Amino acid sequence: MGFVFPALVLIGVFLIFPALWTIYLGLTDFRLTGLAAADPQIVGVDNYTAALGDERFHTSLWLTVQFVLGSAIIGQAGLGFSIAWALRNRTGPVKRVVEGLVLLAWILPSSVVAFLWIALLDRDQGTLNALLHMPGFAWLLDHPMLSIIVFNTWRGTAFSMMLYGAALENVPPSHLETARLAGASTFQQLRDVVFPRIRGHMLTNLLLISLWTFNDFTSFQITAGGPEGRSEILPVYIYNVALSGGRLGFGAAVSFLVLLINLVLALVYLRLLRGRRGAEA
Amino acid sequence: MTVGQEHDQAVTRAVPPARAARADTGRVRHAMGAIGRATFLAAVAGFFALPLLWLATAPFDAHPTITASFPEFTLNNFRSLLDNPYVLTSLGNSVLQAAGSAVLVVVLAALAAYALSRVRIPGRDALLYVLLLLSSVVTGTAAMVPIFELATRLNLIDTHLGVVLTLSGGLLPAAIFILKDFMDGTPTSYEESARVFGASPLQILWHIVVPVIRPGLATIAVWAVASVWGSFLTPFILLRSPEKSPGAVILYTLYTEGGSPRLDLISTFSLLYSLPVVLMYIFVSRKYGFRFHGGIKR
């Protein structure tokens with residue numbers, strides 16, 4: 001059992017402790033500078049009531065929901081599955097090229113990909129506007145949410161693609177063949193043969209990518225939450241409030257709210273997973 | 001072979017003549033499907049390649065703009081990049097931080113995953129899920145404030161060690177989660193006979209378990225290196241001096257005095273900064289096969 005100890009120490013100090021500290025800080029009026037920085041006072045649940053009543057927090061939460069639904073669930077999982085499905089019994093250069101490009105988007109450093117997208121979407125000289133013959137169309141100013149949703153889809157699809165690729169190998173080809181000969185359409189094959197078999201994989205994948213997307217900070221490097229907070233998802237909101245704005249206590253309270261939302265999200269998925277196991281037993 | 005499979009094969013073998021007509025429409029549909037599939041794959045390849053074009057052309061262009069275009073070929077950008085004093089040190093810093101974290105994560109995760117896989121403790125899976133959940137939240141922005149405070153008090157601000165420890169703490173739960181499943185899949189009989197001959201747990205782990213789960217360890221190592229290599233927020237917050245900053249942070253300092261981005265430097269540095277992870281990925285996937293095992297599957 002001594003083997004677990006070093007890992008637990010590191011996790012304890014750099015993961016659990018900060019999490020507990022977040023809860024404590026959320027109850028204070030701690031600030032980065034000024035009087036409250038030297039001598040923070042306990043203010044109880046004031047930060048929480050303030051956050052829950054804050055218009056900017058509501059907007060940010062709603063934007064985050066759009067971000068997770070659009071880029072993780074529809075974008076990454078949907079596109080990832082489609083690619084895995086289209087490539088399922090293929091070999092050769094087509095598969096290698098498509099998979100290679102998708103993976104490349106995933107393994108490049110986030111600072112680099114952020115810059116690639118700024119270059120792609122630039123108003124006057126961006127490659128996209130040059131291709132579409134729409135010079136001067138300001139993607140990042142007029143459609144900031146759409147931009148970061150498409151960006152995050154591009155960025156993270158590889159994980160779902162690989163996971164579903166592995167999952168689809170578990171579906172016996174004979175079952176699909178039977179369904180096809182019986183005249184089942186692709187949609188029917190997916191619904192009746194494929195999905196029931198890979199339901200566990202789908203749920204685990206959705207859980208992981210939802211959590212990752214919910215807490216993703218890369219979009220900060222593209223839009224910084226702007227313009228006028230129209231792409232200010234929760235991680236960016238916390239950064240802007242706590243570290244740029246200096247309201248550390250308030251930021252910690254929002255962090256804890258995010259933790260709670262994530263917990264609920266995880267419990268829902270685990271519940272669905274258990275439901276599946278119960279049905280099998 | 002189960003009854004269901006036998007039945008399926010019987011159906012596959014004997015297609016009754018009454019189904020011939022349906023098979024015809026099936027063939028048409030199959031052709032349509034193949035065309036649709038090819039179009040879809042071409043669109044996917046285009047979508048994923050488009051943003052990458054600029055990275056392939058701009059570094060070699062004498063007058064790079066933000067548009068990807070056929071370059072006026074030059075290698076001067078690489079020379080002017082090397083004139084920047086922080087560029088090479090930042091790559092060294094990235095290597096240091098990534099390697100340090102990867103070693104720490106692989107070693108600690110292997111030890112912990114082995115113990116958790118062989119010893120039955122009630123609530124073990126629940127604990128792993130909670131840690132996994134915490135890690136995805138805490139390594140995001142949520143705990144930036146406490147992490148900053150913690151590093152300040154432990155005198156870890158502006159040190160490589162601070163970055164390595166913080167990032168490793170965040171990566172460990174997922175690493176343990178994935179590795180534990182690799183371990184669960186290995187048979188315990190060899191370990192038992194080794195134990196009979198008096199091998200210590202550490203010897204068993206090193207000589208018997210590690211060779212078997214090498215692909216898993218390689219996957220974790222690549223994943224850890226790639227995560228640290230790309231991480232921006234933690235070093236951005238914890239490091240003060242540019243001599244210690246990794247490439248991810250330095251990339252954001254490559255601006256002219258007027259504040260506009262130096263495209264020649266940024267594109268060239270981006271390419272240089274991306275190459276190591278891409279090469280490492282190719283190397284490991286050739287050698288061990290980069291793949292996900294059970295852990296994620298269930």
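These legends go with a set of close-up views of a predicted model.

**View 1. Chain B is built from helices.**
Let's start with the whole chain before zooming in. Chain B has 14 helices and zero strands. If you walk along the sequence, you get α-α-α-α-α-α-α-α-α-α-α-α-α-α. Of the 298 residues in chain B, 41% are buried. Now take the contacts in chain B between residues with a separation of 6 or more: 73% of them join residues 24 or more positions apart.

**View 2. Here chain B touches chain A.**
On one side of this meeting place sit 79 residues of chain B, and on the other, 78 residues of chain A. Which helix gives the largest share of the chain B side? That's helix H2 of chain B (residues 20-57), which puts in 15 residues. Sort the chain B side by class and you find 56 nonpolar, 16 polar and seven charged residues.

**View 3. Helices H7 and H10 of chain B pack against each other.**
Helix H7 of chain B covers residues 160-184, while helix H10 of chain B covers residues 214-230. Their axes lie 10 Å apart, at an angle of about 160 degrees. Angles over 145 degrees count as roughly antiparallel, so that is the label for H7(B) and H10(B). The crossing of H7(B) with H10(B) is right-handed. From H7(B), look for B:Leu167, B:Leu171, B:Ala175, B:Ile178, B:Leu179 and B:Phe182. Their partners in H10(B) are B:Gly216, B:Ile220, B:Ala224, B:Ser227 and B:Val228. By class, this contact of H7(B) with H10(B) has nine nonpolar residues, two polar ones and no charged ones.

**View 4. H10(B) also meets helix H4 of chain B.**
Helix H4 of chain B spans residues 85-118. The axes of H4(B) and H10(B) come within 8 Å and cross at roughly 145 degrees. This crossing, too, is right-handed. On the H4(B) side you'll find B:Ser94, B:Gln97, B:Ala98, B:Ser101, B:Ala102, B:Val105, B:Val106, B:Ala109 and B:Ala110. They meet B:Leu217, B:Ile220, B:Ala221, B:Ala224, B:Val225, B:Val228 and B:Trp229 of H10(B). What classes of residue make up the contact of H4(B) with H10(B)? There are 13 nonpolar and three polar residues, with no charged ones.

**View 5. Two residues in one loop have positive phi values.**
The loop to look at runs between helix H6 (144-153) and H7 of chain B, and B:Asn155 lies in it. B:Asn155 isn't a glycine, yet its phi is positive, near 60 degrees. Is B:Asn155 buried or exposed? It is exposed, with 10 other C-beta atoms within 10 Å. B:Asp158 is in the loop between H6 and H7 of chain B as well. Its phi is positive too, near 65 degrees, and again the residue is not a glycine. B:Asp158 counts as partly exposed, because 16 other C-beta atoms lie within 10 Å.

**View 6. Helix H8 of chain B lies largely in the open.**
Helix H8 of chain B has eight residues (189-196), and the number buried is zero, so H8(B) lies largely in the open. After H8(B) comes B:Gly198, with a positive phi near 90 degrees.

Chain A averages a pLDDT of 80, and 93% of its residues score at least 70. Where is the mean pLDDT lowest among the elements of chain A? The answer is helix H2 of chain A (residues 35-38), at 62, while helix H4 of chain A (residues 55-86) has the highest, 88.

How values were computed:
Residues numbered from 1 in each chain as written. Chains lettered and ligands numbered in written order. Predicted model: local features only at pLDDT ≥ 70, side-chain atom pairs only at ≥ 80, totals over all residues. Contact = placed C-beta atoms within 7 Å. Helix = DSSP H or I, 4+ residues; strand = E, 2+ residues; numbered from the N terminus. Nonpolar A, V, L, I, M, F, W, Y, C, P; charged D, E, K, R; others polar. Buried ≥ 20, exposed ≤ 12 C-beta atoms within 10 Å, placed from the backbone. Axes fitted to C-alpha atoms, helices over the stretch in contact; angles between N-to-C directions. Parallel < 35°, antiparallel > 145°, perpendicular 65-115°, else oblique. Left-handed = near helix turned anticlockwise from the far one by under 90°. pLDDT = per-residue confidence, 0-100.
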